[in-house]
Structure formats: C-alpha cells, structure tokens
Amino acid sequence: MNSITIKNLWARKKQNAWIFIELIVFTFVTWMVIEPVVKDSYRRLLPRGYEPERMIVLDVDFPNPSLRKPSEYYIEQLKTIQGVERATAVNYDRYSDQYAIGSLGWLMVSEVNGDTAALTVVSARYDLDYFNTHGMLNVKGNKVDIPDRDKIVVSRSFAESYMGGVDVIGKEVRLNCPRLSQKLPGFDWSRLFDREFEIPFIVADVIEDVRFCAAEGPTHSSPREVFVYDDENKVFNRFLLRLKSGVNLNKFIEVNKPEIERMLCSDDDNAMLAGIDTAEECNKAAEREKQLVQPIQTRKILVVFFLLNLILGVVGTFWLQAKKRSEEMGIVMAFGARRIDIVWSYLKEGWVMFTVAFVVAACIYFNFAIYDAKIYEENSYYADPTIVDKFWSCFILDASIVYIIISTVLSVGIIIPTIWMLKAKVTVLLNKQ
Amino acid sequence: MNIFSLIREDKLFSSIYITGTAMAITFTMIMAIVYYIKLADIYPEVNRKNTLYLSSINVTQTSNDANGGAGFGIYMDYNNSSYETYCKDIKNVLYMAPSTISGGNGKSAENNTRRVKSKNGVWESAITNLTNQDFFNIYEFEFLSGAPFSAEDVENNECTAVITRDFADKIFGKDVNPVGERFTMKSCGDFRVCGVVRSASPLTPDSYAQIYVPYTSISVNDSYFVSFSSVVVMVKDDEQLDALKTELDEWSHKMSMEGSPILEAVGSFSSSINAKVVTSMTNNMETHAAHMILTDPNSASKGDTLNDRLLYFLGIFVILLFVPALNLCGMVAGRMEKRLPEMGVRKSFGAPRHTLLFQVVKENMIFTIVGGAFGLVVTWMALVLFRNSILELFFDSSLLKNSAMVSGEAMFAPLVFIFAFVSITILNLASATLPAYISLRKPIVESLNDKQ
C-alpha cells in the first residue's frame, strides 16, 4: 500500500509540486512564528519563587518626608486589618525599572570570588519580614529566618553557579559590585574590581530563584540574585501585604481601602494612599512599562493570523484538489473500493507529502536555530539560556507542535471534502469534469 | 465582465480567495494606519518632518588598538545642568525645547505623573511635562484661551502652566475659563494657568500631557530629579539640519580634545591604558521616524540599531502580505489547471500569451479588490470596536486608560488608501502572475489534452 501511495504521488508530481513547495514554506514560517510563543509560554510557567497571588501593594505618598514615621509603625497598623497575615515595606523607585513590586534591584556586572558575572542585587529590609511576606522559601522548603544584617541571602542559581551547590550556608562569598563597593572609602571607579574593594559576605540562607515579573525569562544574569540588607535610611513608600489563605484580593481592596486611607491619615495627615492594587496587576503594569508585553501579544496575534491563513490555504488547496479528483474517485468506487479506503489513501498521500516537506523545512530551520543559539551564546549575560542550554528539547518540542498543527489542518482539508464528494453517486462522480 | 457571475462561477474558490485577501488586507491596513499615526503629521505634532530628538550625549572610550570600546549616554537633565551646559547655546536650530515626556512611547508618562488638587479638594493625577516656551512652537497646540508661557517666565522660574481643556474641566469645572486661576501641585507649589489647549491624543506620546510647565518652575531638590527624556529640536530645512550636525560635531570634537566637566563627572569607566574618550552629540540624535522605530515596544528586543529594527518590521510586512499570497498562489495554480483546456482553445485561435495572462491577472484583481474592500471595512470596524486591544499592541497602554480614539483623519487619510491599493496590487501580482505564467507556457496540444 505504501508503494502505491508513493507511486500515486509521483504520478501527479506536476500537480503536487506547488503543494509541496507551499507545505515547505508554510512549515518553515509556522515554525518561525510558533517558536517564540512556545518560549513565552514556557517562561510564564516557570516557578516565580514567591506568591504574588496572595499579595496586595500599597503606594503611599508623604508630602513632607521629614515628618514620616518609621516603616515599622505603618506596618504594625496595616497588620491589624482583618485578613492580613504579614506586611513589609519595600523601597520602590520608579527610575529603577527593575522590579514591579520588589525592592530596588540593580542588574550589574560584578565579581564573585574573582569570577566576572552579571548579578541582580536586591536591597531589602530583612527585619521587616521581607522574605516571608513575599512567600519566598529557602531551598529546603522552609521559611527564611531573619538573618543578621551583615549577612546575605542568595538565590539557588547564584549558589549553584558561583559556589558549587546549595549547601553554602555559613560560607563566605566575596563581591565586587558597583552598588555595594562604591560606599567603601577611597573607592575609585577605575579600580572597581580591585581586591581592595571586595566585600566579604557570609551566606545566611539560600532561597529558591525569584522572578518578580512572569514575562521576564531567566537569563544568565537573572535569577542569580543576591539580597543584601538595606541599611540606608530611605523613605519606604511601598508596603506589601500578604493576605491569609482564602481571602479574595479584590474584595479585600474594595472593603478595606477606606479604612486604610483613614488609618494612614489619622495621625498627622502626612500620609496619603496613592494607590492600592493586587501584586499581579502591579506586575502587569511593570511588564507593560518594561515593554515585555507588547512583543508577546504581537507574537500571539501573528500566530493567530498565520494559523487562519494556514487553515484557509491548506484546507482550500486540498479541497480544490479533492474536487479535481472526483473522476478518479468515481472509477475507484466503480471497482469496489469503499469510501473509507479512498479517504485513507488520500490521507496517506497528504501525510507522506507533508512529512517529506516537513523534513526539508526542519533542515532549513535547524540552520537558523543553530545560528540564533550561537548569537545568544556570545551575548551570554543577558541571553535567555533556554535557547542554548535546552536547545534540543526546544527544537524537538517546536517540531512536534508544528507537525501536529499542520498535519491536523491538512487532514481536515483532505477528509471533509473527500467525504462530502463521496456522498454523490458513482455516475455523478464519473461525469464531473 | 460581470463581477457577480465571476464570483458565482466557482463559489468555493471565490469565497476562500476573498476571505484570504480580506484577512491579509485587514492586518496590513491596521499596521499601516497605526504607523501612519506614528509617522505622519497629526495634531499637535504637525512638524514631524523637521523634528529631531536628542536624548543624550554619547561618550565612548576606545582603547589604543581601536577595537575595544565602551559607551553610554549622558542623559539630559536639569539638576546636574547637562541640558543648560551643553544644549542651550546650540545655534543652528529654529526651536529647541527640553521635554520630560518625549520618550517616544509614553514610557516616561508614569514618571511624570503628579498630583493636582481640584476645586473640590480631590487630588487628581496629571501627566506633567517640564519644558520651555519653544515646546508650543514645535508642537502646534491649539490655544482655546490664553497663551503659552514666555521665555521670560522660564528665565524667572515663574510658576505658570498651560493645561488641557479636559483637565481644566476636571479641576475647575466645565464652562469655566481657567486662565488666571491657580491650582496646587503636590510638593511643587501653586501654579497660575496662563493658557488652555485642545488636548493631544495619547497616540502622540511625545506631546501628550495634561499640564505643561516651565522646567525651571519645579523646585530642584532630592525628591524631584528633573530628567529630560529628550531635547526636542526643530530645524527649518535640510540645510539647517546639515549646519546643525556640523555644529554639534565640531562641539563634540572640541570637548573630546579639551576635556570637559562631563567627562570628569563620569569618571573613568574602563581600565584600558591610553584609552581615548570620544564624545558625540549626533550619534544619539534621531529623526522622528528613527525615534519612533527605536522606541517602538514591539521591536525593543530586536536589536539596537535602526537597521535591525527596520528589518524586523520588513519581516512582519512580508509575513502579512506574502504568506497569504503564497496561499492564494497555490489556489490559483490549482484553478489554472482546470482552465488549461480553455486556454488551449483560445491559444489555438491565436490569442497571444500576454493577453491570456492579463485576463487571468485581471480576473484575480477583481477578487483581490473585492477582498481588499472587505478588508478595509473590517479594519475600520476593528479600529472602532476593538481599539483598546489593538492600540495596546503598538502604544504604551498606561497612556490609553482614557480610551483613545483613532481619528477619522488617520483612518481615512489618502495615504492609507494609496497604501491599501498598493498592498492589494502586490498581493494580486504575487499570487496570480507566476502560476498563470507557468501554466500558459504549456504547448497548445498539451493544454488541450490535459485531463483532470
């Protein structure tokens, strides 16, 4: 039967030439369009390392910063609200453009134990229940104990990359990092990475990797994070609330917003609630501001557009082909073939032709994919390691998705018109020209 | 030739062809209208052809072998006076205005949101632009009452403000002439309204704000670091543009040779021995089109150079037009096989090949025009009914909270129709010509004998 399929295909090689080329081009373009969307979806599914679905963000304005009370005062007041489990304060700086709800995080080239690396340094008030309010857990799955202020907390990726594993509690790590080293006396930018300006830290805990924004994928620099104690006397104007399990976030905001406004203004009218929203909404706003969202949405729309065209094109083409083979169908039926045999033989022809076209397109696309991976490897600090580290998994996954999509569309384009035409009598089919 | 009889002749082919064309034209025209809004002269940005954006001074440190290098931009700011020091004395410009909102994509809108107390005592948010008097010459706002602040107001740190009519309604009430009235801006003090303008659209982010004040009127303290997104410059013509580039290059060269406080402030950022520092003010100078492309959110990750991003847009255009063309190509090829005997008969009666080719192209052109017309109508409907979802893809959604409308000026601009026609023609030629040409090359006997 397979040799008959191939013979039939070869016999109609002139008619099939256009379709074959079309299938190659469509496969290639489908791959190009689907691959980024698959990567976007993969990024979204990666663990976030904290629990934004239970968090509320409050932005507070202090018209007169000198009259502002300590953060602990506001936190204690906020914790009295029903439904609030924990609260913390974070430094939020619009100019940082790094994190939506997290503390000011600086992405910078640093030296870690003599190795040059790109790190994210997050400054946080450990003593304000920072880690547990976020729901960050250490690598053993436990809550983070409040460490000494002169110790640091590192992420799993950081520990594995630069310290050889996650059993590093109590070990020393030496950092030359612009954010931290510039505070040292005698600091000189031209000698940023001199040993003189290394800062030794003891690791207090290792937490799971954190990604504040879901749309941000891992890069070689993130989530290699280091959390240092924020000892600067800044005006913290953002408070995070962790709600108890089962509390509806939007209902909480609706019910408690007036109370929070009153609470903040109660003492000296120096605090104003500038904004209250769920952490996820804040993250989405940050994603838009960081221009992460539009490219993702554009890619999705391109996929939809392309799939519609694919359906129209492939279904339409095979539909017209089926119509042209009506006489052939009539002859075969006159010789006793069943309808199912005819449909099956046309399907096999379509699948064989598509599979050959797919292999050709895969070979072409493979060159592009390898080239892309090389580009990312050379630009390793900010590149998405998925492209390089998981190249074959990604390639095979993308190939499978593309194969399934196009073969499904092709099958629909063959089955439906063939069955529809086969409903007619043999004589009608034989007379159709 | 009767269009309807042509369509009815093969309903399946016609419907698939028209639908495919309509879809391609819809997506292409949506992009065309959006980029028309971004590129063409739209109120108040009616001088886009002559407008340039200077976002920073480029400082590059090259090592001796001229292969290494590091660079960054010194952004224009007021607090450290890089704008005042390095830009105010530029001569070859018609107008020049620093601006805190001209980041090109509204990205700086959030950073420029301030709170203003209305007459009811409610604090309202307003995007505030810190600029100078030339802003209203570069962006030709329509003044409904009053006048812009003057150069003297800027020199004297006067707290005057130009506000939009919509915002005036919000803080002073409707049907009130707010010129001369005062309002309080949180942490900045009281301002006097000197002019009221017709609001710009959020779709023109370089000029969209609710309040425009002199940049010198804001107290310079730790809380408010005044950082300009760009220094917006307008030139008279290409001649003045060339003169401006020469002036800036000469100035940059002088700074590189003689050193400057800006370089001392930056400090050395490379440990290269014998490194040479080169500054340039023209490297980061953008025309409006370049400014728009480089700040477009969709192309942000597609490379740092204009060429990289243009290639990206070209790729999108190719996908939008040529993929459907390929679709339709296959269908036309299939249909041509069916019509081979017809073509064979006509060729045997002496019809030249080009006549037959032209007939096929003409027939397909009818389908393409019908599909294109449907596509245009769907585009307009989509831009009205789904405008937020569509515009969010191309503009900063934080600016679109007030439901921006795409104006009739943009949707029905002559250029849009011309682009639609060109797209339709390209689509038709791409999809019909090649398969028709290949089919018509067959000898007459083969065409007549070709069985289905």
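Strand β5 of chain B, residues 113–117, pairs with β9(B) in the antiparallel sense over 2 bridges. Here two strands count as paired if DSSP finds at least two bridges between them, and strands are DSSP runs (E, at least two residues) numbered from the N terminus. Within this pairing, V116(B) stands opposite M185(B) of β9(B).

Before we go on, a word on the model: it is predicted, with local features needing pLDDT of at least 70 and side-chain atom pairs counting only at pLDDT 80 or more, while totals for chains, interfaces and linings use all residues. Residues are numbered from 1 along each chain as its sequence is written, chains are lettered from A and ligands numbered from 1 in the order in which they are written, and side-chain values use heavy atoms, leaving out hydrogens and water.

Let's stay with β9(B), residues 182–185. F183(B) and M185(B) form its covered face, while R182(B) and T184(B) form the uncovered one. On to β10(B), residues 189–197: 4 bridges join this strand to β9(B), and the two run antiparallel. M185(B) has G189(B) as its bridge partner in β10(B). The hairpin of β9(B) and β10(B) has 3 residues between the strands, and S187(B) takes a positive phi near 65° there.

Now look at another part of chain B, an open sheet of 4 strands in the order β4-β12-β1-β14, with antiparallel pairing. Because β4 (95–99) and β14 (285–287) of chain B stand at the edges with a single partner strand each, one side of each has no neighbour in the sheet. Inside this sheet, 4 bridges join β1(B), residues 51–54, to β12(B), residues 230–234, and Y53(B) stands opposite V232(B) in β12(B).

Conventions:
Buried means under 20% relative accessible area, exposed over 50%, partly exposed in between (1.4 Å probe, protein chains only).
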